[in-house]
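I opened my notebook next to the viewer and jotted down what I looked up, one item at a time. Have the model open as you read along.

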Amino acid sequence: MKGRDYCVVPTVDPPGSASASPLSPSSPAAVPKKKMPQRKWEVHPGRNKFHCNGRIMMARQTGIFYFTVALIVVTCGLFFGFDCPYLAVNLTPAIPVIGIVLFVFTMSTLLRTSFSDPGVIPRATPDEAADIERQIEVPNGQPSPSYRPPPRQKEVVVNGQTIKLKYCFTCKIFRPPRASHCSICDNCVERFDHHCPWVGNCVGKRNYRYFYMFILSLALLCVFLFACVITHIIMRSQKANFLKAMQQSPASVLEAVVCFFSVWSILGLAGFHTYLTTSNQTTNEDIKGSWSSKRGRDNYNPYSQGGIVKNCFAVLCGPTTPSLLDRRGLVEPDPTPQQYTMQMNGTGVRLGNYGAIPTQTTTVQPPAQPQQETSDTSPNEEIPSS
């Protein structure tokens, strides 16, 4: 064995072995994880909650909404469990059918109102906000003592009536006619009616018809339940005294109390919104008296169609406008410097997607070489800025 040289050769463990270094390039821990793209509903600036990957849109304060659902479901459940069997046998089998139809229609319109976009207007991008600010900023730099900045209002004419468009400092936009900013959801809503905590959402252009049908069907359901419960108690009291009839069906007494204290406010609300629908007004406009004759003889509602039937068709049967929010769209990532520069018709303008402010690229000529008469670089060639 003499005369031979021996050396130790380092061995490399395979990537899948247990002794592989966790910091080796082939280790799975060293491979950077791919960032999942965000949906636009995840970065929505308003105070809303989203479910089912952005398909359901509600306000953040939904406690009263769940109370509304529980009150309707529990009351109707008691009715179907204790009153319907007796009335179907002793009165008519149509009672359960009518009750089920009213209950399903009421719940469907409630959920449609609560889970839909009421007509939220997207906020201005930084470019759009900067452009509006440039239009209303003080000209020539510093203002003079006698200079008054222009009001942040615009005027448009709708059917001969002058409408003022107010500037929203939160959304950085001039709100369209009949729109208003909801302080609870922190959004500008088209044809804003009001924010209803009972449905857990704003009521606006895209869900008002479902809200009105919910109020109307809930009023009919409440009157129907109250009438059936009273009929049930009276029919039982004919066979025994009144107190014994209530003891035999205590659930009917609870239903009667709930319906009695609810029916008056629901009927009043249904009547008020029927008046608004027939006159093509919103709750916000009616409270402010926007079209009241007290503001002047020439003040009138420019959105009225000229009749009760036409107004009802315009409010309840008109086409539903698509949502202005692309809730399930992907958020475009901020571009890298290499991806940021784009040549637009040879002008060399940097255009950023997703709200970047356009800037102008610089054109630089290389310095002349002292030993050569002409430069290797063409004078029209652009040097990309770093």
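**Contacts along the chain.** I began with contacts between residues at least 6 apart in sequence, and 59% of them join residues at least 24 apart. I kept in mind that this is a predicted model.

**Overall counts.** I looked up the secondary structure next and found nine helices and twelve strands. The chain has 386 residues, and 36% of them count as buried. I noted an accessible surface of about 24,400 Å², with 61% of that area belonging to carbon and sulfur atoms.

**Around Ile 72.** I set aside residues up to four places away in sequence and looked at what else Ile 72 touches. The partners are Phe 103, Thr 106, Met 107, Leu 110, Phe 214, Leu 218 and Leu 221.

**Strands S4 to S6.** I followed Cys 168 into the strands and found that its bridge partner in S6 is Ile 173. S5 (residues 161-168) also pairs with S4 (residues 153-158), antiparallel, over six bridges. In that pairing I saw Val 158 opposite Gln 161. The S4-S5 hairpin has two residues between its strands, and Asn 159 in the turn has a positive phi of about 50°. S5 and S6 (residues 173-174) are antiparallel too, joined by two bridges. Four residues lie between the strands of this second hairpin, where Lys 172 takes a positive phi near 60°.

**Cysteines.** How many disulfides does the structure hold? My tally is zero. I looked at Cys 317 in particular: the nearest cysteine sulfur belongs to Cys 312 and is 8.4 Å away, whereas a disulfide needs the two sulfur atoms within 2.5 Å. Is Cys 317 buried or exposed? I put it down as exposed, because its relative accessibility is 53% and the cut-off is over 50%.

Technical notes:
Residues are numbered from 1 along each chain as its sequence is written. This is a predicted model: local features need pLDDT of at least 70, side-chain atom pairs count only at pLDDT 80 or more; totals for chains, interfaces and linings use all residues. Side-chain values use heavy atoms; hydrogens and water are left out. Buried means under 20% relative accessible area, exposed over 50%, partly exposed in between (1.4 Å probe, protein chains only). Contact means heavy atoms within 4.5 Å. Accessible areas come from the Shrake-Rupley method with a 1.4 Å probe; for residues, only the protein chains shown count as cover. Two strands pair if DSSP finds at least two bridges between them.
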